Amino acid sequence: MTILVTGGAGFIGSNFIFYMMKKYPDYRIVCLDSLTYAGNINTLKPITDSPMFRFVKADITDTAAVDKVFCEEKPDTVVNFAAESHVDRSIISPALFTYTNTIGTQVLADVCIKHNTPHFHQISTDEVYGDTAADKGCCTENAPLCPSNPYSASKAAADLLVLAYHRTYGLPVTVSRCTNNYGPYQHTEKLIPLMTVKALGGLPLPVYGDGSNIRNWLYVADHCSAVDMIIHHGKSGEIYNISGGEDMSNIDIVKLILSILGKDSSLIRFTADRKGHDRRYCIDSSKIRNELGWKPTVAFDDGIRQTVDWYKENRKWWNNNI
Ligand SMILES: NC(=O)c1ccc[n+]([C@@H]2O[C@H](COP(=O)([O-])OP(=O)(O)OC[C@H]3O[C@@H](n4cnc5c(N)ncnc54)[C@H](O)[C@@H]3O)[C@@H](O)[C@H]2O)c1
């Protein structure tokens, strides 16, 4: 089995490659990544010499380059993690997000059709459902899409494209929409690594608004196991929500990181809120739990300590990232 993993030099993609290579030593994994500021080739160093792994530096919006990889590797499954992923950047440069996240996904889907690729899996996000007020419950896979920022709008557009390709051209697709991930190898622009490295340096910790925005947090290895189940047992044309059990406000996370590191909360600085900032996301993941038997295994309290320790012990990795 050959799996093409796009965006595999980024946070979740690299964790997914490590997870799959360990679990399925006889699978061939091909990573296609253009190495934007968010991609880090050093992350993949431990596996670059493996005969079961190949890295290709290419852009998912480049049809000829993508087609060449498909001709050479004939992937059985494509898992598309490649994306511009930071909401703040999407507010400053929306066009790049539309281009990479939407057109890039379309290019991959077109090339899959050309090569009769047996399975295309699109990695999406809970953010496509938009703000979910506390009295509105949680979104199932059938909830309307209501993205609030250019990042989530570009991801929603990509979801709709691959689902339309399934219906129109019969492309075998699955889509997963996951909540916030945390764990090793995440870029230091994102909340948990940002607060951890600032606290480690004794620097002020910038928190948007009053910090009361709520997110659901899933340890990255649990996201990897969910995608593994979907690509092996998921039903073509279906969407699967993926969420952990832990809803936390941003300010509670920041305080927890400070307490793990034995630092004082006087480092916290509240800043002007992000434009269009969603207050809360909430998705219902009973479909993947009931139909595929998936469940998360890492409790937030353990995962956050492991993650903070990882950033403490891997300064060289994130120093190169800043
Ligand atoms: N991080 C989260 O909490 C989270 C939650 C739900 C869904 N997601 C989704 O998971 C996927 C991965 O997220 P992440 O946090 O690992 O992102 P990331 O920013 O850490 O990594 C993205 C990777 O994609 C690569 N890339 C960007 N543009 C590319 C292009 N045009 N061609 C080829 N490669 C390109 C980058 O070089 C990088 O290696 C994204 O699709 C994101 O929308 C992320």
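Of the 29 residues around the ligand, the ones that come nearest are Ile12, Asp33, Ser85, Tyr151 and Lys155; a residue is near a molecule or strand if one of its heavy atoms lies within 4 Å of it. Keep in mind that this is a predicted model, where local features need pLDDT of at least 70, side-chain atom pairs count only at pLDDT 80 or more, and totals for chains, interfaces and linings use all residues. Residues are numbered from 1 along each chain as its sequence is written, and side-chain values use heavy atoms, with hydrogens and water left out.

**Around the ligand**

- Asp33 puts a polar side-chain atom 2.6 Å from an oxygen atom of the ligand, and a polar side-chain atom of Tyr151 also lies 2.6 Å from a ligand oxygen atom; a polar contact is a pair of N or O atoms within 3.5 Å.
- On its own the ligand has 840 Å² of accessible area, and the protein covers 96% of that (Shrake-Rupley method, 1.4 Å probe).
- The shell divides into 13 nonpolar, 13 polar and three charged residues; Asp, Glu, Lys and Arg count as charged, Ala, Val, Leu, Ile, Met, Phe, Trp, Tyr, Cys and Pro as nonpolar, and the others, Gly among them, as polar.
- Helix H1 (11-23), S5, H5 and strand S7 (180-182) each supply at least two shell residues, and S5 gives the most, with three.
- These helices (H or I, at least four residues) and strands (E, at least two) are DSSP runs, numbered from the N terminus.

**The seven-strand sheet**

- Seven strands line up as S3-S2-S1-S4-S5-S6-S10 in an open sheet with parallel pairing; two strands pair if DSSP finds at least two bridges between them.
- Strand S3 (53-57) and strand S10 (238-242) sit at the edges with a single partner strand each, so one side of each has no neighbour in the sheet.
- From one strand to the next, the twist averages 20°.
- S2 (residues 28-33) and S3 run parallel and are joined by five bridges, and Val30 has Arg54 in S3 as its bridge partner.

**Helices across that sheet**

- H2 (residues 63-73) lies across strand S1 (2-6), S2, S3 and strand S4 (77-80), at about 170° to S2; axes are lines fitted to C-alpha atoms, for helices over the stretch in contact, and angles run from 0 to 180 degrees between N-to-C directions.
- H5 (residues 150-169) lies across strand S5 (119-125), strand S6 (173-178) and S10, at about 155° to S5; contact means heavy atoms within 4.5 Å.

**The three-strand sheet**

- Another open sheet has the order S7-S9-S11, with mixed pairing.
- Here the twist averages 45° from one strand to the next.
- Four bridges join S9 (residues 214-219) to S11, and the two run antiparallel; Ile214 has Ser249 in S11 as its bridge partner.

Technical notes. Polar contact = N/O pair within 3.5 Å; in protein donor to acceptor, adjacent residues only side chain to side chain.
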